[in-house]
Amino acid sequence: MAKQGDGLRSWVKTKTDQATREVLQERLTGTRVMAVTSGKGGVGKSSLVLNLSMALAERGQRIVILDADLGLANINIMLGNEPVYTLWDVVERRVSLKETLETGPNGVRIIPGGSGITELARLDSVEIAHIIEAFQELEGECDWLLIDTSAGISDNVLAFVLAADEALVVTNPEPTALADAYGLIKAVWEQDGQVALKLVMNRAQTRDQGTRLGTRLTDLAQKALGQSVEFLGLVIEDPVVARAVIKQVPFYGAYPHSEAAYDVADLADRLLHRVPPPRRGGWGAFVKRLVENWPRGMNQDSM
Ligand SMILES: Nc1ncnc2c1ncn2[C@@H]1O[C@H](COP(=O)(O)OP(=O)(O)OP(=O)(O)O)[C@@H](O)[C@H]1O
Ligand SMILES: [Mg+2]
């Protein structure tokens, strides 16, 4: 009996050591920057960002969310918080980036973008240098930067997507959402983007339907454009999602045994266990690319 216990303990220790080594190895390669985006609005980006970040945090990952929606601060609204400072206060040098951070569930930290996101487009090179430096303050302190973008293929949204290491394109099974997701993939392809694209089918009616529509879209991108898009998986249509939104709590925490929470956990596992995309220099490099990607003429002078 004692021997069996010893065997189990040593097995657990080996597994724990291996997992710790993997996490430390990943950390050496810098922050993984992932934009979460969609062609059509309202398909579930903010909900996915928040709940997925909780699942990743539960798996030992240090997460920062950049709430980069150009309209309302989606993530803070979902948590029922009013942000004290936003990225705009960093641009204006009132506070450091760390001071804007709000702490959410599972220790996930949130940078409220607010008007700072639109204003990024108007910065001159001195201010841009300042914002890059401000972002570097958090380099090495997080494993993931998840960006909740606005919907659509405006230059502004594309700038975030093209600057990231990888982008999750979120869609639902509606024909309009699928067409807009394809439009977004095509827009990235037209720009010759280096970003690794992944697709998530949210609000699938059944697992079969979600997988069928998801793989049909990724196959189309491959055949028609030669653009590879990995089908990461689906989140089933689940009434707990709307219930949690009304309560202003994430469903992953409030309904951990729901189907939607299991699906999000699966997505987190796939992100962690499938081969990660090549890192493009961590998050300082991401901000640099972001401001360089702003459409010509939006900055007052070029870098
Ligand atoms: N898996 C799901 N099952 C059921 N309802 C869902 C699911 N995912 C999202 N929803 C519903 O869709 C609504 C919109 O989700 P969310 O705000 O995350 O979308 P969004 O893409 O961020 O929207 P926007 O483009 O306006 O930022 C949620 O309030 C929720 O009620
Ligand atoms: Mg949103």
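## Overall fold

The model is predicted. Buried residues make up 45% of the protein's 303.

The protein has 14 helices and eight strands. Its radius of gyration is 20 Å, close to the 19 Å that the globule rule gives for 303 residues, so the protein is as compact as a globular protein of that length. Along the principal axes, the C-alpha atoms fill a box of roughly 75 × 40 × 40 Å.

Strand β4 covers residues 109-112 and pairs with β2, residues 63-67. The two run parallel, with four bridges between them. In this pairing, L66 sits opposite I111 of β4.

β4 also pairs with β3, residues 102-103. That pairing is antiparallel and has two bridges. T103 has R109 of β4 as its bridge partner. β3 and β4 form a hairpin with five residues between the strands. In this hairpin, N106 adopts a positive phi near 60°.

## Around ligand 1

Ligand 1 has 20 residues around it. The nearest are G41, G44, K45, S46 and S47.

Which elements each supply at least two residues of the shell around ligand 1? They are helix α2 (45-58), strand β7 (196-204) and helix α11 (239-247). By class, the shell holds seven nonpolar, eight polar and five charged residues.

Terms used
Residues are numbered from 1 along each chain as its sequence is written. Chains are lettered from A and ligands numbered from 1 in the order in which they are written. This is a predicted model: local features need pLDDT of at least 70, side-chain atom pairs count only at pLDDT 80 or more; totals for chains, interfaces and linings use all residues. A residue is near a molecule or strand if its C-beta atom, placed from the backbone, lies within 6 Å of it. Ala, Val, Leu, Ile, Met, Phe, Trp, Tyr, Cys and Pro count as nonpolar, Asp, Glu, Lys and Arg as charged, and the others, Gly among them, as polar. Two strands pair if DSSP finds at least two bridges between them. The radius of gyration is taken over C-alpha atoms; the globule rule is 2.2 Å times the number of residues to the power 0.38. A residue is buried if 20 or more other C-beta atoms lie within 10 Å of its own, exposed if 12 or fewer, and partly exposed in between; C-beta atoms are placed from the backbone.
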